[in-house]
Every structure is written in structure tokens, then in C-alpha cells.
Amino acid sequence: MPSASVLLLVLDLIGTFAFALNGALTAIRTAHVDIVGVITLGAITAVGGGIIRDVLLGALPPATFRDWRYLAVATAGGLLVFLFFRALSRIIRVIDVLDAAGLSLFAVTGAGRALQLGGGPAQAILLGAITAVGGGTLRDVLVGRVPGVLSSGLYAIPALVGAAIAVLGSSGGDGRLGLVAAVIAAAVCFGIRLVGLHFDLQAPRPRGLRPDVDRD
Amino acid sequence: MPSASVLLLVLDLIGTFAFALNGALTAIRTAHVDIVGVITLGAITAVGGGIIRDVLLGALPPATFRDWRYLAVATAGGLLVFLFFRALSRIIRVIDVLDAAGLSLFAVTGAGRALQLGGGPAQAILLGAITAVGGGTLRDVLVGRVPGVLSSGLYAIPALVGAAIAVLGSSGGDGRLGLVAAVIAAAVCFGIRLVGLHFDLQAPRPRGLRPDVDRD
Amino acid sequence: MPSASVLLLVLDLIGTFAFALNGALTAIRTAHVDIVGVITLGAITAVGGGIIRDVLLGALPPATFRDWRYLAVATAGGLLVFLFFRALSRIIRVIDVLDAAGLSLFAVTGAGRALQLGGGPAQAILLGAITAVGGGTLRDVLVGRVPGVLSSGLYAIPALVGAAIAVLGSSGGDGRLGLVAAVIAAAVCFGIRLVGLHFDLQAPRPRGLRPDVDRD
């Protein structure tokens, strides 16, 4: 059974690669970017959430920056998309599935890292969700979109649920994620996200809003 | 007479609540957000300035993140707005007054925290203003608006004045805010902001700008 | 021969001034800003890249914030632009040349600071480029533009080349920049950037993109 650190690292690198592919594909589809933009936006989507988490924890330099493997994987993902964009974009829902995978893995690994660094359970759940949604939020801000997490579909909610399961399943004593709980947590987050996408489920919106009257 | 730390905390929590209400109301009025967006934008407006300040001071994790009361108050404010949006938005200028209250309180508490952590007077004044305007700036960037602080009305200027009064009134020796000076500083900032709103006062703009010629 | 620290400081302050002028001019030309906005956007363009670098290195408070000279030079640049905007904007390509100067100096000094703080060569090159492009990226996000570095012309590439030359020319033992290598590195970056501007060179774009089909 792998140690908690190795588990975190492997899941983290898979999530990094998924988000890098997603970020680079999204960049090409929404903005007028060159190779620098494709790779940069892929990398920021991939490592941005972890950087925000580590800044908030004061664990600097961030893990995603100190360990060359994160940036290597993130750059490779962006470069692959730049080279094989047409082939990749034929796989029609690939962006959504990659995004759900990154979301699920980062919610779990982000919560695990917060626990390792001494954060309490509530902090760890919140930081798991921030790790999961942070990179995509930075990407959206950079390409001039209102971040999807604020408005569309179930996105932060599965991340919070996944992080909560991971934290509840961790061994209280030393704050390590349990392997079984981590896998269940990621699977539940992934499942909620994909079900939400398939049935176009939405989080509740403010009631009684009259756009013509209430908006500035 | 309360200690400086208790004073800072109480003023900070009141400012946090005011900014959370303001941020959530602004979110509903300017973007197409769901409950996650309302609460997130309320919370970011409320704790964003303090987080930027603490990152710049290297005081990590940020106070607004380490102490659960900030996030609890911020989340409660956003949730209240989500539930009672129609009732709250009838109070027509409530957004502006709440915003002025948060601005004033954070200018003072932000400067106080900078002094406590060993910042010099100039740094403390600047960090007070950054604490005051930072959260609203993040909110505006996330909803795709040019931050109001850069363009409209007297906003950063009262924050700088309030922070300066608080710093000048602090006991030089141990860098603590004086209670009287803190109250006067917040009141002056609040007054300048409301007078500016009422008479639509503007900070000077560049002269001789010909938009049809000079703009890109 | 000046010490590495003095060399870094002097080049850094010149770059800060160039970027402050550039940022303030850009602010006036692209957004509806008042004096607060002009000075703030000038200062953020000037010190933003260095702040991002120092946050990523965990060297907090950031050098550009701890040392009053950075903020004094940055504020002075913004104020000069506010006062003499019409005269300055007659020098037609002045924005581009100032920007290229800031880019070159910050790529070198950013890499040097990363080495001083114990970063490896790859990290130092990346952090040099981040220092060079970070301030302008923050400025663009604040005025609502997609950051130029993602889409237009040769911008990140000369910064990466300049940072790489500076790192390769540093004395391996103590991680200090060599004076000659630093000057060559900045000159090469500056040259590539200006040649790129003059001939409107572009980095490669994704091939086979059909905007009407592929975009969201």
C-alpha cells in the first residue's frame, strides 16, 4: 500500500495533466492565443489551484513550483494540445471529462495537503475545493470570462463533497488521507460532476430577480 | 477599554459582514450567478483585502483564513443576501453605505495589523488602503468589470486618509492603534466617502485626453 | 565593478520606472481612469511582476514592497504620466520601447533574485520571465483585456531567452549574476523584442483552427 505522500503525488500529477489538457483546449476555443498562450493557460489551469492553496497555507515556494514534475507534466499537456488540437477536439466531450477528473483529484489531494500542513478539517475541505476550482478560475479571468464556478452547473459543490469525504476518511491522528477514502471521495466528486453535466443540473439561483429592474 | 487586539477583531468582523453583504448584492446585480457565486463573491469581497495584505506582509496563513470567525461571518452575509435578496435590495442605497462602512473599518484595521506585524508608517498606510479596496477589486475582476477604485468617485483617497489618521494616532512605541484615533479615522473615511457619493465628487482625471485620437 | 546586489537594484529601479511610465500610459489609453487609477495601474505594472516572483519564492514581504524606493519610483512614474500625458503620448512608440526596456531588465533581475534565494536554474529562468511579464499581465486583467503575453507578438519568448542567458552566465558557485552576462542578456531580450515589434513577428498559432466551428 503506497504511503500517503506517494498517493498524493501520483493523483496530483494525473490531475495536473488532465487540467493542463483541459486548460489548453479551452484557451484555443475561447481566446486568440499563440503557442505561449496555449501552454501558459494550460499550465496555469493545472498548477494555479495548488499555488493558491499553498500561498494560503504559507507553504512557499508552492509544491507545484518547487517540484519540477508538476511544471513538466503541465507543459507537456499544453504542448500536446498545441500540436494535436484538431484530433483532440474531435473527442467531443473530452474537455468536460478531463475537467471533472482534475476537479475530483485536486479536491482530494488539496484537502490532503492541507491536513498534512496542519490545517483543521474545515480549512482542509475549503482548501481542497479551492485547489480544485482555483486553476480554472485563473484561466477564465485571464481569457476574460466570468469564472464558470460562479454561475454554471454543479462545480464547487462536488469539489466540496469530495474534499469532505476525504477529510472524514483520513486518520485523525496524523492527518493522512486513507487510500480507500481518497478513491471513494474522488469517485463521488467525479460522479456528481458528470451526472450534473449530463442532466444539466444547476445550483439554486437567487429568487425573484428581475434583470430589467434590479441590474445596474 | 478593550485591548488593541480585541478592538481590531471586532471592527474587522463588522467590516467583514458589511463587505460580504455588499459583495453578494453586487454579484447578483451584475452577473448571472448561482448560490455558489453569491456566497463566493460575498466572501471574496469580505476577506480578499485582508488576504492580499497578509500575503504582502508574509503573515501566512492569512488571519481571515486561520480564524474561522471571518469565514463564518462572510458566509453568513452571503447566505442572508441569497435568501432575502428582494427585501434587501429595496433599501435603495444600502450597497453604497455598507461598502463605505467596510472601506472605513478595513482601512483602519488593515493599517493596525500592518503596524502590529512590524511594518513602517508608510507601509501601514498603504496596506490599510489595500485591505480596504482589495476585496472589492477582486470581486470586480471576477465579474468582469474594471475595478471601481480605478475610475469612479472618491474611493481609495478616503481609505488612504483614514489609514493615515489611524497610523498617526497609534502609540509609536508598540505600534498599537489608539481607540480614539481609530474611531476618528474610520469616521473621517466614512464621511469623505459618503459626501463624495452624495455630491458625486470625482478624483482628477488626465487632462487633454481626446478619446477618439489617443485610445487604442 | 559593482556588487551583484547593487547591480540588481539599479537595473531593477530603471525597469520599475520604465514599466510605471508604460503602465500609466496604457491605463489612460485603454480605460476610463482617474488619478488613482493612473498611478495604481502604473505601480502595479511596475512592481506586480516582482511581487508575484517573491510570493512564489516565499520571500515575503516582497522586495518591491519592503524597499520604499520601488514604490517611490513607481509612483513618480505614474504621476509624471498623469501630469504630462499629452507631451509623452506624442512620442509615438514610446510605450513599446519602455515596455521592451522593462521586460529586458526584469527578466534579468528576476532571474538573478531567484538564484540569490536558492532557486535552481530552470526555476530562475521561469521566474525571470514571470517577473518580466507579470506586472503587465495584472494591468491587462485590471483594465479588462486579455493579457498581451498570451496572444500577441514575441513577448514571453525574449524574456525567457534573456533570463536563460543571465542564468547561464552566472557564477555557479554563489548564484550571482555576472555583470557582462547580465548586460548581454538584457540587450538580447531587448533586441528580440524590438525586432519582433518592427517586423510584427508572431509566435506560432494553433494550426487548423476554424473559429466558426471550434469556438464556444
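Only 10% of the interface residues of chain B are also interface residues in chain A, so these copies meet through different surfaces; contact here means heavy atoms within 4.5 Å. Chain C gives the figure of 10% as well: only that share of its interface residues are also interface residues in chain A, so there too the copies meet through different surfaces.

A word on the source. This is a predicted model, in which local features need pLDDT of at least 70, side-chain atom pairs count only at pLDDT 80 or more, and totals for chains, interfaces and linings use all residues. Residues are numbered from 1 along each chain as its sequence is written, chains are lettered from A in the order in which they are written, and side-chain values use heavy atoms, with hydrogens and water left out.

Now the symmetry. Chain B superposes on chain A by a rotation of 120 degrees with 0.0 Å of shift along its axis, RMSD 0.0 Å. The superposition is by least squares on the C-alpha atoms of residues with pLDDT of at least 70 in both copies. For chain C on chain A, the rotation is 120 degrees, the shift along its axis 0.0 Å and the RMSD 0.0 Å.

Next, one helix pair. In chain C, α8 (residues 156-168) and α9 (residues 179-198) pack at about 165 degrees, axes 8 Å apart. That makes α8(C) roughly antiparallel to α9(C), the term for angles over 145 degrees. Their crossing is right-handed. Residues in the contact include C:Ile165 of α8(C) and C:Arg193 of α9(C).

Terms used. Axes fitted to C-alpha atoms, helices over the stretch in contact; angles between N-to-C directions. Helix = DSSP H or I, 4+ residues; strand = E, 2+ residues; numbered from the N terminus. Parallel < 35°, antiparallel > 145°, perpendicular 65-115°, else oblique. Left-handed = near helix turned anticlockwise from the far one by under 90°.
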